[in-house]
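Colleague: Before I rely on the words used for this structure, I would like to hear what stands behind each of them. Could we go through them one at a time?

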Amino acid sequence: MLHRLNFKHLRYFWAVAHEGNLTRAAQNLGVSQSALSVQIQKLEEVLEYQLFERQGKQLVLTEAGQIVLQYGDTIFAAGDEMLAVLRAEEPSSRRLLRIGALATLSRNFQTAFLEPLNGRNDVRLHLRSGGIDELLRLLETHQIDVLLANYIPTRTENSLWVPHLIDQQPVSLICHPEINHPDGLDEQLQSLPLLLPTTESSIRAALDAYFERQQIRPHILGEIDDMAMIRLLARNKFGAAVVPPIVARDELASGRLIEISQIEGLFEAFYALTPARQFPNAILAQLLDRETSSSLTG
């Protein structure tokens, strides 16, 4: 006899899996521990797999439990999103936009991307930063609506997301106005102490290729994966930074930093990664459909 999945059983399992503790989960759900145990046992009977194993006083997910939890995250996130979409039809509601961004991504770029939402009372933002693996997991389980990145991660046939190019910024050499520098880009790159993105950066790969073509042996003072830190070090006269000007937008506008050369042919691309299958988010669609290049650089 074919047993249909009982979503109440799945909800109980999901609660215990996230708590990692039967007692706390039972208290949160308002049921007894024994009743909760019975519901999970019924789910295991239907699935024909053990979902938890005990390690001391802790409940630990089995491999099958990990798989069921991933699907549970997707199912219940989709349910929450359905409610948000339906409730957004009410004039008094606020649409939730959940954004993930690489921890090393330019904060100025992020604020420029979100600028059209400034002053809107119908939007509630949920922002989080992290590493690419963690954020892709959240994206594929519908726990965030979009992931902002400055490169396209490796995709496989099982990837549940698509990349959108939303901006492309030129890359320049910037420094403190008190730092003496020669004329000419190649001389500047050869003689100035440089603050560079790390080798994982798309900027760095293109820059290394430029060094090779021009036979430049740069004086690399530091390799930093955080654009904000590169900007701060340049502001404190450590050296000249190779970054998109948007990274140091405020300092360039105030004169605390100056752009001494633009590196011709070198650009940094910015992407929005979105799930391939998801309820449409109208706020996100508005951000992606606008003329990003003029909006972000203007």
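Colleague: Which residues of α1 are called buried, and what makes a residue buried?

Modeller: The buried residues of α1 are H9, L10, Y12, F13, A15, V16 and A17, where buried means under 20% relative accessible area, exposed over 50% and partly exposed in between, with a 1.4 Å probe and protein chains only. This is a predicted model, in which local features need pLDDT of at least 70 and side-chain atom pairs count only at pLDDT 80 or more, while totals for chains, interfaces and linings use all residues. Residues are numbered from 1 along each chain as its sequence is written, and side-chain values use heavy atoms, with hydrogens and water left out.

Colleague: Why is S106 called buried?

Modeller: The relative accessibility of S106 is 5%, and therefore S106 counts as buried. Its place is in the loop between β3 and α5 (107-114).

Colleague: What makes the approach of S106 to the backbone nitrogen of N108 a polar contact?

Modeller: A polar contact is a pair of N or O atoms within 3.5 Å; within protein, one must be able to donate a hydrogen and the other to accept it, and residues adjacent in sequence count only if both atoms are side-chain atoms. A polar atom of the S106 side chain lies 3.3 Å from the backbone nitrogen of N108, and one lies 3.1 Å from that of F109.

Colleague: What makes β3 and β5 a pair?

Modeller: Two strands pair if DSSP finds at least two bridges between them, and 3 bridges join β3 (residues 95-102) to β5, the two running parallel. I99 stands opposite V146 in β5. Strand β5 also pairs with β10 (residues 258-275), in the antiparallel sense, over 3 bridges.

Colleague: What is meant by a nonpolar core, and how many residues has the largest?

Modeller: A nonpolar core is a set of buried Ala, Val, Leu, Ile, Met, Phe, Trp, Tyr and Cys residues joined through side-chain atoms within 4.5 Å. The largest has 63 residues, and L147, L148 and V242 are among those with the most contacts inside it. Strand β10 gives the most to this core, with 8 residues.

Note on methods:
Helices (H or I, at least four residues) and strands (E, at least two) are DSSP runs, numbered from the N terminus.
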